[in-house]
Amino acid sequence: MDNMTPVSAATLRKVTTAAAIGNFVEWFDFAVYGFLATIIAQQFFSADLPQAALLQTFAVFAVAFALRPLGGVIFGMLGDKLGRKRILSLTVLLMAGSTTIIGLLPTYASIGMLAPLFLTLTRCVQGFSAGGEYAGACAYVMEHAPNHKRAWYGSFITVSTFSAFAAAATITYLLDASLSAEQMSRWGWRIPFLVAAPLGLVGVYLRLRMEETPAFRAALAESATAHAPLSETLRQQAGNILRLGAFISLTALSFYMFTTYFSTFLQLEGHFSRAAALLVSTVALLFAAGMCPPVGALCDRIGRRKTVALTGVWVILSVYPAWQLASSGHLWAAILGDLLLATGAVLSGVVTAALLSEVFPTRARYTASAITYNLAYTIFGGTAPLVATWLIGYTGSSVSPAFYLALVALLALAGGLALPETSRISLHGEQDKRSAQAGFKALKAGGES
């Protein structure tokens, strides 16, 4: 049993709101780049080879992810040592600042090859900042939430992520619909990036007002050093990192295929206008945001392992029809295809938010979850648009990314089902570590019986 004093409903609302709004700011900034990929290709790379420029744009997108594991390690260690709230305030500040700078950068026409260099450096700061965000926000909420409703409360972090992408898509759509192509190319594309400045200030203000989590305070009371050294974390949690990382590979790939690449795919392969493609994405993103709390409640009801199984099976069965519908060129077919992808992304995202905190003990939670999350997102999320673009070019088939998603879903099933059931364990201090170990023993005993 958990011997911690329950957190009041009012505190839970405040905690969830502050974490979700800060997370919204962080991912709005990150989303804008993906939705403006075709314009960024024109502004920051040579126009001689448009396909090469798009590949270079997505390569810069992927390079930023290379900094995410480093950000995860550094911010994770600081978060486990100094507490969650300070680090979450810093990540929002870094993300908002770097995004604003992108909106001010000179273009290729003005400074030549320095333009993509500056863009890459700024994106690296974004990636470094993002490395400390999501795992920390999940840990902050989960360490306040009651054991039997963690996935439900954690689902609001996922809501904020999808809502951020929906807001970015909506702003981009409105700009595209109201400005001429020349105006959009000259200055309109900068507006969504510059919106990051006021949003960032709001996010920092809210996070500085947050309280530290009960689990972190309990761990600090048990030991003079609440955090585990990095070497200890890697040594003791290597198995969990690999197993959970295998599942999060699907979360990463399905999320960025759905949120970032699909809009570009609809334009290039479905022959939609940018405005129509953004409309499809916005509808699907709003659907995804609304789906998160019910999926969180389902995950709490049936447990993590059954949700993992449901996620893998759904993705394997739905990705091919989704891609076929999207490439048909018909608006409602494209929306239906995007909704199929959205469902897989929501299922994987919600259960991932819970598992990130439940699989690891408090002393190593921020560090281990940030490493796991960001390695998977670097390998599979950051490369998703690049690999999808390459696969279509190499195979000549517009549905080839669907088979890639299905293969990764098989990997995710193997890793996710190797984890124990963690839906009711305690997350408070060293007790959560013993609960997790008991879960592993119970899983092993069940397999042997």
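In the predicted model, Phe-262 is buried, its relative accessible area being 0%. Phe-265 likewise counts as buried, at 0% relative accessibility. Both residues belong to helix H14, which spans residues 230-268, and they are three residues apart, about one turn of the helix.

The whole structure was searched for aromatic pairs, and 20 were found. One of these pairs joins Tyr-134 to Tyr-373; the arrangement is stacked, with 4.9 Å from centre to centre and 15° between the planes. Tyr-134 is part of helix H8 (residues 134-142) and Tyr-373 is part of helix H18 (residues 365-381), so this pair ties together parts of the chain that are 239 residues apart in sequence. The rings of Phe-262 and Phe-265 also form a pair: their centres are 5.7 Å apart and their planes meet at 20°, and because planes under 30 degrees apart count as stacked, this pair is stacked.

A charged side chain is found over an aromatic ring elsewhere in the model. Lys-149 lies over the face of Trp-152, at a distance of 4.7 Å from the ring centre.

Helix H5 covers residues 84-102, a run of 19 residues. From its first C-alpha to its last, H5 reaches 28 Å, which is close to the 27 Å expected at 1.5 Å a residue. Several residues of H5 are buried, among them Arg-84, Ile-87, Leu-88, Val-92, Met-95 and Ile-102. The buried residues of this helix also include Ser-89, Thr-91, Ser-98, Thr-99 and Thr-100.

At the level of the whole protein chain, the secondary structure consists of 21 helices and zero strands. The chain has 449 residues, of which 61% count as buried. Among contacts with a separation of 6 or more, 86% are made by residues 24 or more positions apart.

Note on methods: Residues are numbered from 1 along each chain as its sequence is written. This is a predicted model: local features need pLDDT of at least 70, side-chain atom pairs count only at pLDDT 80 or more; totals for chains, interfaces and linings use all residues. Side-chain values use heavy atoms; hydrogens and water are left out. Rings of Phe, Tyr and Trp (its six-membered ring) pair if their centres lie within 6.5 Å; planes under 30 degrees apart count as stacked, over 60 as edge-to-face and the rest as tilted. Helices (H or I, at least four residues) and strands (E, at least two) are DSSP runs, numbered from the N terminus. Buried means under 20% relative accessible area, exposed over 50%, partly exposed in between (1.4 Å probe, protein chains only). A charge sits over a ring if NZ of Lys or CZ of Arg is within 6 Å of the ring centre and within 35 degrees of the ring normal. The expected span of a helix is 1.5 Å times one less than its number of residues. Contact means heavy atoms within 4.5 Å.
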